[in-house]
Amino acid sequence: MNMIRSLAAALIFCLTSVPVVAHAILLSCVPTVNSIVKGPDTPIRLRFNSRIDLKRSKLLLVYPDGTQRELTISSQDSPDMLVSEAKGLSQGSYLIHWQVLASDGHITRGEIGFKVQ
Ligand SMILES: [Cu+2]
């Protein structure tokens, strides 16, 4: 029951990170919003409600010291997924800025905060 509740909470956090006028809506994400993950390597997976154009989509990782680095986007498991891996992360708070182009030609963006233990 607790697990279902925390999953539901995570999903709501994901949804609230999407702008009001959303075209590609973030349905789920790993890491989940405000979660604590193990370093140094962290898989990143974002699932949307529609197809994503990878060439026009971006993942930016903000490090605890404010440094920003663009993450390399891996090939998709499915057309609605954005997949990457953040490597060599030390302890601290991070932020993923995502920006995607949906198949309807509109760009949406949002952010996901998480911590590395
Ligand atoms: Cu649209």
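This is a predicted model: local features need pLDDT of at least 70, side-chain atom pairs count only at pLDDT 80 or more; totals for chains, interfaces and linings use all residues.
Residues are numbered from 1 along each chain as its sequence is written, and side-chain values use heavy atoms, with hydrogens and water left out.

**Exercise 1. Work out the strand order of the open sheet of three strands, and find which strands stand at the edges.**

Step 1: Strands are DSSP runs of E with at least two residues, numbered from the N terminus, and two of them pair if DSSP finds at least two bridges between them.

Step 2: Take β1 and β3 (residues 42-48). They run antiparallel and are joined by four bridges; V30, for instance, has R45 in β3 as its bridge partner.

Step 3: Now go from β3 to β6. That pairing is antiparallel too, over six bridges, and R47 finds its bridge partner in M81 of β6.

Step 4: The order is β1-β3-β6. β1 (26-30) and β6 (81-86) each have a single partner strand, so they are the edges, with one side of each left without a neighbour in the sheet.

**Exercise 2. Find the protein donors of the copper ion and say where they sit in the chain.**

Step 1: Look for donors, meaning N, O and S atoms within 2.8 Å of the metal (3.2 Å for Na, K and Ca); water is not among the atoms, so sites may look incomplete.

Step 2: You get H23 (ND1), D104 (OD) and H106 (ND1), at 1.7 to 2.0 Å from the copper ion. Their spacing in sequence is H-x80-D-x1-H.

Step 3: Check accessibility. Buried means under 20% relative accessible area, exposed over 50%, and partly exposed in between (1.4 Å probe, protein chains only). H23, at 27%, is partly exposed, and D104, at 43%, is partly exposed as well.

**Exercise 3. Is S84 buried or exposed, and which residues does S84 touch?**

Step 1: Locate S84: it lies in strand β6, where five of the six residues are buried.

Step 2: At 4% relative accessibility, S84 counts as buried.

Step 3: List its contacts (heavy atoms within 4.5 Å). Leaving out residues up to four places away in sequence, S84 touches T42, P43, I44, L59, L71, T72 and S74.
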